[in-house]
Amino acid sequence: MAYKITDACVSCGSCADNCPVEAISEGDGQYVINADICVDCGTCADNCPVEAIEEG
């Protein structure tokens, strides 16, 4: 199951910068993960400074 970004996101872009498959993009007010592209590697969660990314 793909990861998801919670409302705790501060839109820093760290997750998108580190995603190896470019599954993360800037949405309205926070970043979003495209579940169809996400490979569940967890790199985004590991790089999130506010721990706003969790397994979906």
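Modeller: The protein chain has two helices and four strands, in the order β-α-β-β-α-β along the sequence. This is a predicted model, where local features need pLDDT of at least 70 and side-chain atom pairs count only at pLDDT 80 or more, while totals for chains, interfaces and linings use all residues. Residues are numbered from 1 along each chain as its sequence is written, and side-chain values use heavy atoms, with hydrogens and water left out.

Colleague: What makes a stretch count as a helix or a strand?

Modeller: Both are DSSP runs, numbered from the N terminus: a helix is H or I over at least four residues, a strand is E over at least two.

Colleague: How many of the residues count as buried?

Modeller: Of the 56 residues, 34% do. Buried means under 20% relative accessible area, exposed means over 50%, and partly exposed is in between (1.4 Å probe, protein chains only).

Colleague: Why is Glu51 called exposed?

Modeller: Its relative accessibility is 71%, and the cut-off is over 50%, so Glu51 counts as exposed. Glu51 sits in the loop between α2 (43-47) and β4 (53-55), and its phi is near 50°, a positive value in a residue other than glycine.

Colleague: What makes Ser11 partly exposed?

Modeller: Ser11 has a relative accessible area of 28%, so it falls between the 20% and 50% limits. Its loop runs between β1 (3-5) and α1 (14-18). Most residues other than glycine have a negative phi.

Colleague: Which residues form the nonpolar patch on the surface?

Modeller: Val21, Ile37 and Val39, with about 220 Å² of accessible area together. Patch members have over 30% relative accessible area and no salt bridge, and nonpolar side chains (Val, Leu, Ile, Met, Phe, Trp, Tyr) are joined within 5 Å. A salt bridge would be a side-chain nitrogen of Lys or Arg within 4 Å of a carboxyl oxygen of Asp or Glu. Areas come from the Shrake-Rupley method with a 1.4 Å probe.

Colleague: How do you know that Val21 is partly exposed?

Modeller: Its relative accessible area is 31%, so Val21 lies between the 20% and 50% limits. Val21 is in the loop between α1 and β2 (24-26).

Terms used:
Patches are made of residues with over 30% relative accessible area and no salt bridge: like charges are joined within 9 Å, nonpolar side chains (Val, Leu, Ile, Met, Phe, Trp, Tyr) within 5 Å.
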